[in-house]
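Thanks for coming. Please have a look at the sequence and the model first.

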Amino acid sequence: MNENKININENEADSHRKKRETIKTLLIIFLIILLIFTFFSNTILNKSLPEVATEVCKSGSLTEKFRGSGIIEANQYYEVIVNENKKVDTVNIKSGKSVEKGDVLFVLSAEDSPELKEAEDLLATLELEYNTALLTVPNTYAAENLKIKITKEDLQNLITRKQNAVTQADELKKSKERLADVTVKLNSDSSELTKYQEYIIAIDTEDFLSLSHEYSGDFIKLKNEIDSVETKKLELEEQLNVLKKNNANPNEITDAETAYSTALTEYTTLLDSLSSKKSNTRQTFANKITELEKSVASLTAESSELENKIASYTELSPEEIETLITEKQRELEEIIISLDETKKTDMVEQQIESLNLNSKKEALDKQKELVEKLKEKSGTVEITSPYSGIISEVNIKAGETTLPETPLATIDISSEGYTLKISAEAEKTKKLKVGTEADIINNWSGDLSAVLTEIKNDTESKGKLLVFNVTGNVESGQNINLSIPCGTSKYDTIVPKNAVYEDSNGKFVLVLNSKNTPLGNRYYAERVTVEVLASDDVSSAVSGLINSGDHLIANSSKPIKPGDQVRTKD
């Protein structure tokens, strides 16, 4: 019994010892974890902060530059103008291309000009006035007056009929021109349709020679290969049968069977290739036939419609009606003259009417002569360049009609040079000097140069206008970006341009300040307001509460603001 008590006490002691060891182990693990977090807390914090790159503020010299841009203008240019309305048939020039004196710029097609149209309109007006004058001849005698009245009505009907005929003639002309175009297209498509239908028959009958060269070559080559392999196959088949019949050596029979099998396989493959090519080519022809059938059907319908429309025009031509008008005019003139001869008591009035009528007749005849001369003048015209230079503008396309006083194109006379003008604030131009050569930023060809030739008042902006003489491979309308050195000065504080920021409160820099802590240095961004005194391409001279040697924040991995804690690059 005592032994049992001793065993129980020993077991309890072991249990208490194990519990103490477990607690001790847990405490050690906790302390280790605590030490790890304490050790790496600085690193973890740094990793979450924005990483910045710094630049050192320094003193030194800075060359300030004025920058601006403008549009190149030719010192002298020539505008190509045609004082007639003619249709442009061909345009031989493009903007930016050079031309020589005598080069053909445009070809104007033979088309009625506005001058001819105006002359024809005036002719129609004079005809109307003359006919009206005929109609206003006094009616004195009953029989003659009745005859004159009937003739007047006939003449008026003919005049109205002519006006309608002119409109119908124009519509008829357009319908006939369209019918001619449709007929040509219909004949072409019908011919093509027949050709492709015959091609399908040739494919189905394997009449490959009837195909065009672009399709027949492959078919004939493949057919020749099939015929050659078929002949070979038949020969091998016959040899095999002879060997079998003569109980030849089994090896010979086997070789013959192998050769025959190879030829048969090649023959079958070629037949399949021919079948596939026939199918694909036939489908191609079928698609083309479908397309052509639709076109032929559409063109046939349009042709029939146009033919019916043309057949519906039954009126005489304007020229034929004009002949009838002339005859009726003569008839009326004869009646009036006959009546005039019989009028003795109204001689003075009749003489006045006769003179007025003759005057209108002379004006009418002269206008007819003018119309005929203008018709003869209306023809194809070539417009040539009177100068050598560069085409800066082309304002018309082929098919359009010229307008008087409207330039068809503009030619920069390159031998006279080019000018660039840039507006600038007066304060910014004080350091500029006439004769200074500018640096052209977008000088892609490398052969441009610009020299400041004049600084004058700009009446539009109340500032200054800089005038440059530009030479090299340029053309009007080209945009030029340039910079001009304004002089070099020494400054106590020069910073990188990308380290200067600006907000609603003005321009500033972010100075990198450090603070010592038990866990090491901490870095903070401090705002310092500055004034930019001068700048070049990469740096700015500033004044403010910063000194040479200060570290400025040039860029950051994250957006930052004054007072933020940051970390520097390693």
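Four strands make up an open sheet, with antiparallel pairing and the order β3-β9-β8-β5. Strands here are DSSP runs of E with at least two residues, helices are runs of H or I with at least four residues, and both are numbered from the N terminus. Two strands count as paired if DSSP finds at least two bridges between them. At the edges of this sheet are β3 (77-80) and β5 (98-99), each of which pairs on one side only.

Before going on, a word on the source: this is a predicted model, in which local features need pLDDT of at least 70 and side-chain atom pairs count only at pLDDT 80 or more, while totals for chains, interfaces and linings use all residues. Residues are numbered from 1 along each chain as its sequence is written, and side-chain values use heavy atoms, with hydrogens and water left out.

Which residue stands opposite V99 in β8? That is G389. As a general point, strands of a sheet pair through backbone hydrogen bonds, either parallel or antiparallel.

There is also an open sheet of three strands, in the order β4-β6-β7, and its pairing is antiparallel. Its edge strands are β4 and β7 (381-384), each pairing on one side only. From one strand to the next, the twist averages 25°. β4 and β6 (residues 104-108) run antiparallel and are joined by three bridges. Opposite V88 stands L108 in β6.

Between β3 and β4 (88-91) there is a loop, and K86 lies in it. Is K86 buried or exposed? K86 is buried, because its relative accessible area is 3%. The cut-offs are these: buried means under 20% relative accessible area, exposed means over 50%, and partly exposed is in between, with a 1.4 Å probe and protein chains only. K86 is 313 residues away from G399 in sequence, and their C-alpha atoms are 9.7 Å apart in space.

Now the chain as a whole. It has 570 residues, and buried residues make up 32% of them. How many helices and strands are there in the chain? There are seven helices and 20 strands. For contacts, meaning heavy atoms within 4.5 Å, the figure is this: of those in the chain with a separation of 6 or more, 76% are between residues 24 or more positions apart.

On to the helices. Two packed helices are described by the angle between their axes and the distance between the axes. The axes are lines fitted to C-alpha atoms, for helices over the stretch in contact, and angles run from 0 to 180 degrees between N-to-C directions.

The pair to begin with is α3 (residues 142-204) and α6 (residues 318-342), whose axes come within 9 Å and cross at roughly 165°. α3 is therefore roughly antiparallel to α6; angles over 145 degrees count that way, under 35 as roughly parallel, 65 to 115 as roughly perpendicular and the rest as oblique. The crossing of α3 and α6 is left-handed, which is the case if the near helix is turned anticlockwise from the far one by less than a right angle, clockwise being right-handed. In the contact of α3 with α6 there are 15 nonpolar, three polar and nine charged residues. Here Ala, Val, Leu, Ile, Met, Phe, Trp, Tyr, Cys and Pro count as nonpolar, Asp, Glu, Lys and Arg as charged, and the others, Gly among them, as polar.

Helix α6 contains E322. E322 counts as buried because its relative accessibility is 17%. Which residues does E322 contact, leaving aside neighbours within four places in sequence? They are E127 and K162.

The other pair is α4 (residues 213-245) and α5 (residues 250-311), packed at an angle of about 155° with axes 8 Å apart. So α4 is roughly antiparallel to α5. The crossing of α4 and α5 is left-handed, and the residues of their contact are 19 nonpolar, two polar and twelve charged.

Finally, two loop residues. Most residues other than glycine have a negative phi. E206, in the loop between α3 and α4, is not a glycine but has a positive phi of about 60°. E206 counts as partly exposed, at 33% relative accessibility. N247 lies in the loop between α4 and α5, and its phi is also positive, near 50°. N247 is exposed, with a relative accessible area of 68%.
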